[in-house]
Structure formats: structure tokens, C-alpha cells
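User: I am new to reading protein models, and I would like to learn how to look at one step by step. Could you take me through the features that follow?

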Amino acid sequence: MSSSISPLLTTVIFVSSLLFFTISKAATIPNIHRPFNKIYAFGDSFTDTGNSRSGEGPAGFGHLSSPPYGMTFFRRPTNRYSDGRLTIDFVAESMNLPFLPPYLRLKTTNANGTATDTHGVNFAVSGSTVIKHAFFVKNNLSLDMTPQSIETELAWFEKYLETLGTNQKVSLFKDSLFWIGEIGVNDYAYTLGSTVSSDTIRELSISTFTRFLETLLNKGVKYMLVQGHPATGCLTLAMSLAAEDDRDSLGCVQSANNQSYTHNLALQSKLKQLRIKYPSATIVYADYWNAYRAVIKHPSKYGITEKFKACCGIGEPYNFQVFQTCGTDAATVCKDPNQYINWDGVHLTEAMYKVMADMFLDGTFTRPRFSDLLIKKLNYL
């Protein structure tokens, strides 16, 4: 073998080292190189850093602003559905960026009405769907549900763009990572027990979501990560509601996991088409379904001792009841959330969100590898 190292190999080594270093050290070293200057996030409660507050979002989860939410890291509720940080928070830290401000709490404009420089914005909102709210209203499925959808988040983004100067817009699309968090699980959940079929939801959701992604790509987005649906059958909510004979080999709800798996197959097929249509963009798929299942298979590898029970809640056998969830007076909280996957029965603990972030950022559960996106970004500079 030649003693010389090709430029491509050098880049790969550099990027891999940079990615590892930023994930582990960015929070403590303020001036480290940033792969991206900005992150723009979309999604639902798995990604929402504060666009929702108590009394908003799905029924049964109306105590978001009450302790013990936020107890692990922030030491107070921050309107995140967790005991601490979310995956998007760990992503921001890995890029040596501050936590993304929620759009509805954003103060970005200066005296002349032009947006001040930020390091990104989070447009994700809890309870949001992919399919328009009008569909659920038409089918009498709007019970205690927020009216926001991915269309709402896109409208917020459009409004945000209007506050930017021309140079800021150019920089936004050139230097930003667009993190499309999980969204669409609510579409299926809101139709549970109705006459609307899963096939109908999947077709409407995938087509609407594809149009959303194309809108961003047509604007010039170059770097995008899209999360699939997690293994929803392993969430406490599903475990508590499904029949005991509806289980897969991992002990999760088989029907729910099959639904998420089928949805993800359709999503990946669309992303493949978008990569062909937009060859100048890098579109990474984050395999939430298999990443989640990897933890279920080997929980001790990740410091997990409780796979299915909620850390915060009440009742047997899963410490969960739909209308006495975390934050209510009756609910109690476990001693060590780090040993749990599920935080409040639907959302995850900070520890689990951290595991998911590591799995996505190190490339194990992304296609193409996240490092490939970084290589393309560095080559573009």
C-alpha cells in the first residue's frame, strides 16, 4: 500500500474524528469548529422544545409546565415532554450550538424589523399531525387535539423567512441542517377505533409529508435529516391499551409496530425518489424504528433496567393511566429516570433521547451515514 493518503480518505478520517469530538466535547469547549451554523427543526412532541405549554397538546398530557418535567437536566419544567433534554438538544450540543429556541417564544427582530442572527429555530409543536386538521374535523376525530400540522409549521417557517435579509436567507440554506423530527404518529393515534383505515392515513400522511419536504428542497435546502417513526408498539401507552395477546418477539405491541414499520417503508421509498430528483441535496434517513428496537433487545448495554413502565405516572402494571399522567397530583416519579426508556408513557426519558441521538449521529442507524452529510458539507465550503 502506498504511504500517501488520498484526499478523500483524509476527509473521511477528519470528518469521523470531528463528529466524535463534537458529540463528546462540544458542550464544554465553546470555540470548536461547527459543522453547521444553524439548525432548523420540525416535528411533534418528540422534538418540541417549548412551542407547547400546559393545557395544550393531546388529551391526558396537559401538565407539561408542571414538575417533575425537566427535573434531570434543567431542574425545572421547560415545556419539553421529558425529564430533560430531547434528541434535538443533543444534536445542537454536538454541533456546538445553543439549544434551539421554540418559534412561538422567539424574539428575533431588531429595531428595523430585520431578524437578528440566531443559530436556528425549532418549529416542532406537540400534538401536531402531518395530515391537515380539517381532515380530522371532517371525520369527527378532533377530540382534544391541537389544530397544528406540518402545514402549520411550514407556514411558521415562511413567516420567519420574511424577517430575514437576503444575505441571511442565502446563508440559511447554505449553512443549515434541517432536522425533520418524527411526525405522523399522532395521525394514526387520533384515528384509533374509528372507521378510517391505517392505509388511508398512511397514504395521506406520506403524500402530504412528501410535499412538505419538496417545498423545503425547492427553496434550496441542501442538508436534511428525516426521522422515521419509532417502534410505537414499545411505548407504555400502546402496552397499556393493547390486548395481552398482541405482542411481538420483543414483548411490544405487534400491531402498532407493524403499522410503524409499514409507514417507514413507504417513507423510505419516497426519500429514495427525492434523492434522485434533488441530486444536489443530501437527504439522510434516521431509522428510529430499528434504533429503538436495538435498545429493547439489549437494554443493559445502554444502562436501561425498565423497558416498558413509565418513570412518571400512576397505576399498574405500567405506571400509566391516560388521564392521570405525569404532572398530575396523583402521579409519582421514579428515583432514576436514566434507567427507564419511557418518561410519561408516550414520551422518552432524557437518557433514551441521548441514546437515539448517538445512534443517529454516529451513523449506525442512518442511511446514508450522517458522516456522509458532513463530508458533503465540508467539500462545499
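This is a predicted model: local features need pLDDT of at least 70, side-chain atom pairs count only at pLDDT 80 or more; totals for chains, interfaces and linings use all residues.

User: How is a cavity found, and how many of 30 Å³ or more does the structure hold?

Analyst: Rolling a probe the size of a water molecule over the atoms shows where empty space is left. On a 1 Å grid over the protein atoms alone, a cavity is a set of points where a 1.4 Å probe fits but cannot get out, and lining residues have an atom within 4 Å of a point. Grid points are joined across faces, edges and corners, and a volume is the space filled by probe spheres set on the points. Here there is 1 cavity of 30 Å³ or more, and the volume of the largest cavity is about 40 Å³.

User: How do the residues of that lining divide into nonpolar, polar and charged?

Analyst: Ala, Val, Leu, Ile, Met, Phe, Trp, Tyr, Cys and Pro count as nonpolar, Asp, Glu, Lys and Arg as charged, and the others, Gly among them, as polar. By that rule the lining of the largest cavity has 5 nonpolar residues, 4 polar and no charged.

User: What pLDDT does the protein chain average?

Analyst: pLDDT is the predictor's confidence in each residue, from 0 to 100. The protein chain averages 87, and 85% of the residues score at least 70. Over residues 1-32, however, pLDDT stays under 50, and for these residues the model has 34 contacts (heavy atoms within 4.5 Å) beyond four places in sequence.

User: How many helices and strands are there in the protein chain?

Analyst: Helices (H or I, at least four residues) and strands (E, at least two) are DSSP runs, numbered from the N terminus, and the protein chain has 12 helices and 10 strands.

User: How should I read a salt bridge, and which residue does R85 pair with?

Analyst: A salt bridge is a side-chain nitrogen of Lys or Arg within 4 Å of a carboxyl oxygen of Asp or Glu, and the structure holds 11 salt bridges. In one of them R85 pairs with E350, with the closest N and O atoms 3.0 Å apart. R85 lies in the loop between β1 (38-42) and α2 (87-94) and E350 in helix α11 (residues 350-361), so the pair ties together parts that are 265 residues apart in sequence.

User: Are R85 and E350 buried or exposed?

Analyst: Buried means under 20% relative accessible area, exposed over 50%, and partly exposed in between (1.4 Å probe, protein chains only); both R85 and E350 are buried. A second salt bridge joins E214 and K277 (2.7 Å, N to O). E214 lies in helix α7 and K277 in helix α9, so this pair ties together parts that are 63 residues apart in sequence. E214 is buried, with a relative accessible area of 18%, whereas K277, at 53%, counts as exposed.

How values were computed. Residues are numbered from 1 along each chain as its sequence is written. Side-chain values use heavy atoms; hydrogens and water are left out. On a 1 Å grid over the protein atoms alone, a cavity is a set of points where a 1.4 Å probe fits but cannot get out, and a pocket is an open set with protein on both sides within 12 Å along at least five of seven lines; lining residues have an atom within 4 Å of a point.
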